[in-house]
Amino acid sequence: MAKINVNYRKLSAGYLFPEIGRRMRLFQQKYPGKKIHRLGIGNTTEPLTPAVVSALREAVDKLSDAATYTGYGDEQGNEDLRRALALFYSRRGISLDLNEIFISDGAKPDAGNIQSIFGIDNRVAVQDPAYPVYVDTNVIAGRSGYYNPGVGNYDGFVYMICNRDNNFIPDPPVEDVDLVYLCSPNNPTGAVANHLELQKFVNYAREHRSILIFDAAYAEYISDPDLPRSIYEIEGAKECAIEINSFSKLAGFTGVRLGWSVVPEELVVEDSAPGEVNRLWFRRQTTFFNGASNIAQRGGLAVLSEKGRKECAALIDYYMENARLIGEALDTLGLNYYGGVNAPYLWLETPQKMPSWDFFDKLLYEAQVVGTPGSGFGPSGEGYFRLSAFGHRPDIEEAIKSMLNRLKL
Ligand SMILES: *Cc1c(COP(=O)(O)O)cnc(C)c1O
C-alpha cells in the first residue's frame with residue numbers, strides 16, 4: 001500500500017495568504033465597488049528593462065532557427081552567465097570559481113531544496129519572523145516535531161528572535177545548531193545585518209561546524225555602502241556559508257524565473273571531505289533539475305551587462321522611492337516602523353501593541369489598505385505589520401493618501 005509523506009500533515013494550514021484573501025472578499029461583499037489598495041504583496045510590478053527585453057527577444061529568435069537553436073544547456077548553468085556572476089562578485093572583492101556557482105530557476109526552490117543534501121538529524125535554526133520556505137521545507141523533510149498552534153512554532157527548531165531590542169538581527173543561537181538560515185536584507189522586517197553581526201554567525205558556524213544558508217535576494221536594495229551584500233564579504237564565510245540569490249527582485253524576474261546559489265569548494269561539514277558539499281549540490285541539481293530556461297539565462301546575462309545593471313539599479317530606485325514615500329506617511333501618522341531604507345519592506349509596530357490581524361482589519365476597513373500581518377511570519381511577528389514597496393507609483397500614492405486621510409489613530 002502506498003503511503004503519503006505524513007510530514008506534510010505537520011504543516012500549519014497555509015494560513016496567511018488564504019486568510020488575507022478571505023478577509024478581503026468579506027470586505028468586498030460588505031462594500032461592493034470600494035477600491036482596495038494593496039501594500040501587502042512581495043511581488044514586482046514594473047516592466048522588464050529595455051536591455052533585458054531585447055535579450056529575451058533575441059533568445060527566442062535564436063530558438064526559432066535551426067542554425068542557432070539550442071536544447072539542454074550546461075549542467076550548472078550557462079557558462080557565460082556564471083562568468084558574469086563571478087565578475088559581479090569580483091566587483092565586491094569576492095573571488096569564485098565557475099564550478100562554485102549554480103544557476104537555477106529561483107531562490108525559493110534553492111532555499112527549499114538545499115536542505116536535502118544534509119542529514120535528517122541536523123538541527124535547524126531560523127530567524128523569527130522569517131520567510132516561510134526555510135521552516136516549511138524542513139518540516140516536510142522531517143526535521144521538526146509538531147506544530148504548536150497556540151504559539152505558532154514547531155517543536156525541534158531553534159527560533160532566533162528578531163525584535164526591536166536587537167534591531168531585528170539576532171545573535172547566533174546559544175544551543176548547538178547545524179543549519180542556520182539567515183536572510184539579509186530581511187523579508188519581512190527590512191533589517192540588514194552589518195559586518196560585525198554576520199561575523200558572529202560565521203564564527204559560530206566555524207566553531208560548531210555548522211552551515212549558514214544565506215538568502216541575499218534583496219542584496220541590491222542596499223544603498224548604504226558599509227553594509228555587506230554577500231556573506232562572502234565576511235572573513236571565513238567560504239568555509240561555512242551557502243549563498244542563495246535571485247534575479248527576481250534584482251531585475252523583476254519573478255515571472256521569468258532565474259536564480260543562483262553559491263556552494264564554495266572550501267565548505268565543509270563534520271563528516272565531509274573538502275569539495276564534497278559542492279559535489280552533493282551538483283548531484284542534487286543534475287538529478288532533480290534540468291537547468292533554467294535558456295531564454296531566462298540570456299535575460300540574466302543582459303541584467304548583468306553594464307546597460308542592464310544601470311537599468312536595474314533605476315528599477316530598484318523606483319521601488320525604494322515608494323518605500324521612502326510610505327515611510328514618510330507612517331512618520332506623519334506617528335506610526336513606528338523599521339526597515340524601508342535598504343530593503344523594500346517596512347515593518348511597522350501596530351499601535352498600542354494591537355494584534356497583527358486586528359490591525360489588518362483596521363487598516364482594511366478604515367483606509368482600504370491591505371498589508372501583511374506580522375504574525376504570519378512567525379510568533380515574534382505578532383504586534384507587527386509588513387508593508388511592501390512593490391507597486392506602481394500612482395497606486396502607492398493613492399494608498400498613502402487613503403491612510404493619511406482615513407486611518408484613525
Ligand atoms: C522573493 C524572495 C525570494 C525570491 O525567490 P525566487 O524564487 O527567486 O523568485 C527569495 N527569498 C526571499 C526572502 C524572498 O522574499
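The model is predicted, so local features are reported only at pLDDT of at least 70 and side-chain atom pairs only at pLDDT 80 or more, whereas totals for chains, interfaces and linings use all residues. Residues are numbered from 1 along each chain as its sequence is written, and side-chain values use heavy atoms, with hydrogens and water left out.

The chain is assigned two domains, domain 1 (8-48 + 308-406) and domain 2 (52-305); the bounds come from an automatic or database domain assignment. The centres of the two domains, taken over C-alpha atoms, are separated by 25 Å. In the contact (heavy atoms within 4.5 Å), domain 1 takes part with 34 residues and domain 2 with 49 residues. The area buried between domain 1 and domain 2 is about 3500 Å², and carbon and sulfur atoms give 61% of this area. Buried area is the accessible area (1.4 Å probe) that two parts lose on being put together, summed over both. K10, L48 and N342 supply 22% of the area that domain 1 buries against domain 2, more than any other three residues.

On the side of domain 1 that touches domain 2, at least two residues each come from α1 (7-10), α11 (306-333), β11 (337-339), β12 (345-349) and β15 (384-388). Helices (H or I, at least four residues) and strands (E, at least two) are DSSP runs, numbered from the N terminus. The element that gives the most to this side is α11, with eight residues. By class, the residues of this side comprise 18 nonpolar, eleven polar and five charged. Here Ala, Val, Leu, Ile, Met, Phe, Trp, Tyr, Cys and Pro count as nonpolar, Asp, Glu, Lys and Arg as charged, and the others, Gly among them, as polar.

The strands β11, β12, β15 and β14 form, in that order, an open sheet of four strands with antiparallel pairing. Strands pair if DSSP finds at least two bridges between them. β11 and β14 (372-373) are the edge strands, each pairing on one side only. The antiparallel strands β11 and β12 are joined by three bridges, and Y338 stands opposite W347 in β12.

Most residues other than glycine have a negative phi, and most peptide bonds are trans. A cis peptide bond joins D128 and P129, with omega about 5 degrees; P129 is in the loop between β3 (124-128) and α6 (133-141). N187 and P188 are also joined by a cis peptide bond, with omega about 20 degrees, and P188 lies in the loop between β7 (179-183) and α7 (195-208). N167, which is not a glycine, has a positive phi of about 55 degrees and is found in the loop between β6 (158-161) and β7.

The structure holds 17 salt bridges, each defined as a side-chain nitrogen of Lys or Arg within 4 Å of a carboxyl oxygen of Asp or Glu. One salt bridge is found across the interface of domain 1 and domain 2. R164 forms a salt bridge with E349, with the closest N and O atoms 3.0 Å apart. In the salt bridge of E398 with K35, the closest N and O atoms are 3.3 Å apart. This pair links distant parts of the chain, 363 residues apart: E398 is in helix α13 (residues 393-406) and K35 in the loop between α2 (16-30) and β1 (37-38).
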